[in-house]
Amino acid sequence: MHSGRMNNDPWNRPRPPTTEPPVVRRNAPASAAPPKAGNAKTCPNCDAVVSPKAFDCPGCGHPLRKARRGPIGWTLKWLFIAFNLVMAVLLFAGLGSVGETMNTATSEAERAGTAIGATIGTGLVLVFWMAGAVILGLLVLLTRPKK
Ligand SMILES: [Zn+2]
């Protein structure tokens, strides 16, 4: 198995010291303690022992398991962002058009009608916005990767 190289841990070599003296590895600190043998998992890229909960190999950054947020999750996340943007644009566009109608309205009735319509329209957009944001937000949370 060994091809003559004496370094038995080539992937976890300490980097050459720059200013600090090299760290002598005696007992591994608790934070760097390897996971229990039963749960141990090795990186397919560098064979380092990694935590089974790790998404990426801490040594080489190789992705170990796919995050739960698949294409659907990402789509939902962007849909959520896009939805909020569209709703904001709709709201401002609606308010803008109301202002124009108000300026060009000739009769009091037309002004009143526009005001009422704008109130209902804006309210509907807001209600739709809130409902959509809550539903999409929940879906985004549900498709979140579990850590
Ligand atoms: Zn690795």
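This report describes the overall fold, the model confidence and two individual residues of a predicted protein model.

## Overall architecture

The predicted model contains two helices and two strands, and these elements follow one another along the sequence in the pattern β-β-α-α. Burial is assigned to 3% of the 147 residues of the protein. Where contacts join residues at least 6 apart in sequence, 43% of them link residues at least 24 apart.

## Confidence

Across the protein the mean pLDDT is 76, with 69% of the residues reaching 70 or more. Among the elements, the lowest mean pLDDT, 84, belongs to strand β1 (residues 41-42), whereas the highest, 88, belongs to strand β2 (residues 49-50).

## D47 in the loop between the strands

D47 lies in the loop between β1 and β2, and its phi is positive, at about 65°, although D47 is not a glycine. Most residues other than glycine have a negative phi.

## G132 in helix α2

G132 is placed in helix α2, which spans residues 108-142.

G132 and F83 are separated by 49 residues in sequence, yet their C-alpha atoms are 7.8 Å apart in space.

Methods
Residues numbered from 1 in each chain as written. Predicted model: local features only at pLDDT ≥ 70, side-chain atom pairs only at ≥ 80, totals over all residues. Helix = DSSP H or I, 4+ residues; strand = E, 2+ residues; numbered from the N terminus. Buried ≥ 20, exposed ≤ 12 C-beta atoms within 10 Å, placed from the backbone. Contact = placed C-beta atoms within 7 Å. pLDDT = per-residue confidence, 0-100.
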